[in-house]
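The following exercises concern one protein chain and its ligands.

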Amino acid sequence: MKNKVIVITGASGTGKTTISRYLEDKYRIPHVITHTTRAPRTGEKNGVDYYFETKESFDKNHFLEQVEYSGNKYGSSVEGLEQAWQKSPLVSIVVDSKGAIAYQKRYPEQTIILFMKADLETVTDRLKKRGDEFERLKQRIASEENRRDFEIPKELYGNYYEIINKDIKNTKDSVDGIVQKIE
Ligand SMILES: Nc1nc2c(ncn2[C@@H]2O[C@H](COP(=O)(O)OP(=O)(O)O)[C@@H](O)[C@H]2O)c(=O)[nH]1
Ligand SMILES: Nc1ncnc2c1ncn2[C@@H]1O[C@H](COP(=O)(O)OP(=O)(O)O)[C@@H](O)[C@H]1O
């Protein structure tokens, strides 16, 4: 198989991380670890969930693309992608929609985009249950970037799979169908 990357995008709480973990557990598809200046959430580990950076250390990386999202910086490096491809020709990455556009442009033949969708009420409820601190959660939900990511950007029209993540079993079935088609 030629190296490929499953790019998982969508608004906060729509299930991107859940699906990335599912791909890892069921199919041994490793995820690319990206960099962020946001503080770790309870249970998140440096070098596993993210590389947690200071503003200074963040800028020392060689980014393939980087964004500002709800007041924090996020970025993914060529090295991170190459490292994941060394483990497996098929890997996944969780990024915002700007990141998804960047991957589609740079690796048009190798990018498979999953656009995760759920309604605002559902995601708000899930983020509360995830334990996100309330003030941060409100700020995140209201952020321009998050509001934007409830819809797929026009640059990706015709080039993505939409997954409506209500019932988790149906969601996993849809993901299974997509993974099995990847050559
Ligand atoms: N473009 C880009 N987006 C990223 C990267 N890493 C994470 N993100 C996105 O940044 C946004 C915020 O991530 P996070 O703080 O973990 O919040 P969550 O979406 O609520 O889990 C999400 O849309 C992530 O997909 C990256 O390296 N590049
Ligand atoms: N279909 C679902 N039904 C119920 N809870 C879900 C579902 N999908 C995800 N969750 C939960 O919702 C929360 C947000 O999901 P997560 O994968 O962290 O979203 P994202 O990475 O897009 O912010 C997590 O606590 C997760 O376990």
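**Exercise 1.** In this predicted model, determine in which sense strand β7 and β8 pair, and over how many bridges.

*Solution.* Step 1: Locate strand β7, which covers residues 111–117. Step 2: Follow its pairing with β8, which is parallel and extends over five bridges. Step 3: Identify a facing pair of residues; Phe115 stands opposite Glu162, a residue in β8.

**Exercise 2.** State the order of the strands in the open sheet that contains this pair, and explain why β6 and β8 each have one side without a neighbour.

*Solution.* Step 1: The open sheet is formed by four strands, and their order is β6-β1-β7-β8 with parallel pairing. Step 2: The edge positions belong to β6 (90–94) and β8 (160–164). Step 3: Each of these two has a single partner strand, so one side of each remains without a neighbour in the sheet. Step 4: Ignoring direction, neighbouring strands in this sheet are turned against each other by 25 degrees on average.

**Exercise 3.** Which strands does α4 lie across, and at what angle does α4 run to β1?

*Solution.* Step 1: Helix α4 lies across β1 (4–10) and β7. Step 2: Relative to β1, α4 runs at about 155 degrees.

**Exercise 4.** Why may the protein be called as compact as a globular protein of its length?

*Solution.* Step 1: Count the elements: the protein has eight helices and eight strands. Step 2: Its radius of gyration is 15 Å, close to the 16 Å given by the globule rule for 183 residues, so the protein is as compact as a globular protein of that length. Step 3: Along the principal axes, its C-alpha atoms fill a box of roughly 45 × 40 × 30 Å. Step 4: Of the 183 residues, 32% count as buried.

Notes. Residues are numbered from 1 along each chain as its sequence is written. Chains are lettered from A and ligands numbered from 1 in the order in which they are written. This is a predicted model: local features need pLDDT of at least 70, side-chain atom pairs count only at pLDDT 80 or more; totals for chains, interfaces and linings use all residues. The radius of gyration is taken over C-alpha atoms; the globule rule is 2.2 Å times the number of residues to the power 0.38. A residue is buried if 20 or more other C-beta atoms lie within 10 Å of its own, exposed if 12 or fewer, and partly exposed in between; C-beta atoms are placed from the backbone. Two strands pair if DSSP finds at least two bridges between them. Axes are lines fitted to C-alpha atoms, for helices over the stretch in contact, and angles run from 0 to 180 degrees between N-to-C directions. Two residues are in contact if their C-beta atoms, placed from the backbone, lie within 7 Å.
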